[in-house]
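Trainee: Before I use this model, I would like to know what stands behind the labels put on it.
Mentor: Take the labels one at a time and ask what each rests on.

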Amino acid sequence: MIQTSFVSKTIADLKPSGIRRFFDLAVNMEGVVSLGVGEPDFVTSWNVREAAILSLEEGRTSYTANAGLIELRQEIASYMKKRFAVSYQPDSQIIVTVGGSQAIDIALRAILNPGEEVLVVEPCFVAYSPLVTLAGGVAKTIQTVRENEFKLTAAELEEAITPNTKAIIMCSPNNPTGTQLRKEELIEIAKVIQKHNLVVISDEIYAELAYDDDFTSVAAIDGMMDRTILINGFSKGFAMTGWRLGFVCAPKDITEAMLKIHQYTMMCASTVAQYAALEALRNGMNDVEEMRKSYRQRRNYIVKSFNEIGLDCHIPGGAFYAFPSIERTGLSSQEFAEKLLFEEKVAVVPGNVFGESGEGHIRCSYASSLEQLQEAIKRMSRFVEKYK
Amino acid sequence: MHLTEKELEILQIIEQNSRIDFNDLAKMVDAEESEIADTVQKLEDMNVIVRYATIINWAKVDTYHGLTAMIDVKVTPKRGVGFNEVAQRIYRFNEVESVYLMSGAYDLSVVVKGQSMNEVAQFVSDKLSTLDSVISTTTHFILKKYKHDGTIFEPINEEDKRIVVSP
């Protein structure tokens with residue numbers, strides 16, 4: 001008998017996320033210190049949670065406009081203008097989405113014709129390439145290098161472009177490397193993007209978590225507004241991952257196209273989460289500042305400690321990840337992460353799950369208490385000593 | 001006095017945890033360990049850092065019977081010395097934990113610690129209200145401390161609820 005499956009070939013061929021495997025290994029283990037968590041260790045501020053509770057008490061439980069509450073879009077517009085110097089129309093250029101991930105999904109689906117290529121700059125968030133595939137495009141990766149702190153260069157970009165290239169997805173500050181592109185660097189990249197008439201999907205979800213240089217939005221670069229789909233949200237900067245609330249800002253025609261997909265597939269983002277986000281934007285900026293300060297201290301601590309114990313690590317300008325090299329141990333990133341978990345009970349994510357250029361590295365989230373970080377460093381120091 | 005950003009950052013960190021290792025603190029604020037030691041020494045000398053204290057939840061200690069009262073005190077300020085003189089007279093008593101000059105309906109907020117309600121009552125009637133400048137006192141006993149100096153005494157559900165590995 002011929003074995004058949006009801007599952008589509010596209011999905012069957014889709015590679016499962018390498019992170020899932022580590023989750024399965026670590027989840028039932030006792031006494032694990034985890035540097036594997038890709039979300040803030042702060043609980044959402046009480047005033048934000050309280051606003052959500054109030055919205056429920058008031059019975060705000062119906063749908064909102066497809067694009068989201070207009071008050072929220074207005075707040076987003078003024079926030080983006082004030083904070084990142086980019087102007088978007090609340091009624092025609094902003095959609096409130098279910099997290100940044102959904103925003104990336106509708107962005108890709110809105111722009112791609114079958115077979116068109118999208119450049120994905122690796123190492124990067126695990127969802128980009130699969131989302132390109134699901135949108136009918138072809139993901140083509142660009143491998144950035146450690147020598148350049150995993151920064152995309154204009155030359156690397158130029159080389160990857162083909163006549164079939166439609167768009168590029170980039171993320172700064174980056175998950176997993178923490179690398180942040182400076183304004184001058186963005187300007188060089190923008191020139192190539194304009195020359196080849198590409199669209200940029202700029203994942204700026206970590207924009208609030210920039211520690212050394214001011215964050216520059218891709219859309220704020222001269223001539224980029226009309227070809228940028230800007231993704232941002234509340235998960236990271238406002239510590240609201242579980243609320244699943246993001247937003248996307250784009251030129252009018254693309255926003256309209258994305259809204260078509262959004263209204264058929266999602267209707268609107270969760271109403272209670274939207275009321276929470278409204279409060280976050282209106283009265284939450286002090287908390288964001290406090291959290292940023294705290295991450296920055298922990299970043300300084302962990303990067304210095306890694307370099308001390310023999311794991312070479314560049315200074316990540318943003319997000320809450322350090323991406324040290326494990327080369328000296330001679331282990332592959334998978335081996336390192338697995339042995340470290342079993343021998344010292346420290347969970348990290350092997351760099352190769354974020355793309356082949358992530359090999360030789362591990363992603364360590366420092367969104368944990370100082371005590372946890374100290375313990376992790378102690379254990380990892382012992383581990384590295386054994387293998388170097 | 002004017003403090004640098006880094007000095008402020010150091011103060012904020014040791015205010016939360018005065019026992020932090022200087023080596024760790026140095027890493028956190030991107031400084032040399034010796035720089036931290038010098039800065040802390042300087043801040044101690046300037047009396048910016050006044051004392052290193054511990055927050056203790058005495059309610060958990062069975063044999064502890066102390067209690068705390070907050071007393072609103074109305075006083076007549078004196079020419080030339082304002083409220084300072086009477087504040088001084090009050091804070092010299094060992095029973096007095098803290099004295100603040102307040103805006104609003106009364107002038108001084110005095111926190112008094114005692115072994116019993118009687119003891120506190122006696123202090124108020126014998127010592128405090130008999131001071132020349134004191135016009136009136138209103139005593140409030142603290143029944144339970146939930147949060148003190150930014151610290152919640154019995155936090156509920158504080159464990160890390162995040163999944164152990166995520167993208």
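Trainee: What makes domain 1 and domain 2 of chain A the units they are said to be?
Mentor: Domain 1 of chain A covers 9-44 + 286-387, and domain 2 covers 46-283. The bounds come from an automatic or database domain assignment. The model is predicted: local features need pLDDT of at least 70 and side-chain atom pairs pLDDT 80 or more, while totals for chains, interfaces and linings use all residues. Residues are numbered from 1 along each chain as its sequence is written, and chains are lettered from A and ligands numbered from 1 in the order in which they are written.

Trainee: How far apart are the centres of domain 1 and domain 2 of chain A, and how many residues take part in the contact?
Mentor: Over C-alpha atoms, the centres are 25 Å apart. The contact takes 35 residues from domain 1 of chain A and 35 residues from domain 2 of chain A; two residues count as in contact if their C-beta atoms, placed from the backbone, lie within 7 Å.

Trainee: Which element supplies the largest share on the domain 1 side?
Mentor: That is α11(A), with 6 residues. Helices are DSSP runs of H or I with at least four residues, strands are runs of E with at least two, and both are numbered from the N terminus.

Trainee: What is the phi of A:Met267, and why is A:Met267 called exposed?
Mentor: Its phi is positive, about 70°, although A:Met267 is not a glycine. Most residues other than glycine have a negative phi. A:Met267 is found in the loop between α9 (252-265) and α10 (271-283) of chain A. A residue is buried with 20 or more other C-beta atoms within 10 Å of its own, exposed with 12 or fewer, and partly exposed in between, C-beta atoms being placed from the backbone. A:Met267 has 10, so it is exposed.

Trainee: Why is B:Asn157 called exposed?
Mentor: B:Asn157 has 6 other C-beta atoms within 10 Å, and therefore counts as exposed. Its phi is also positive, near 55°, and its place is in the segment after β6 (151-152) of chain B.
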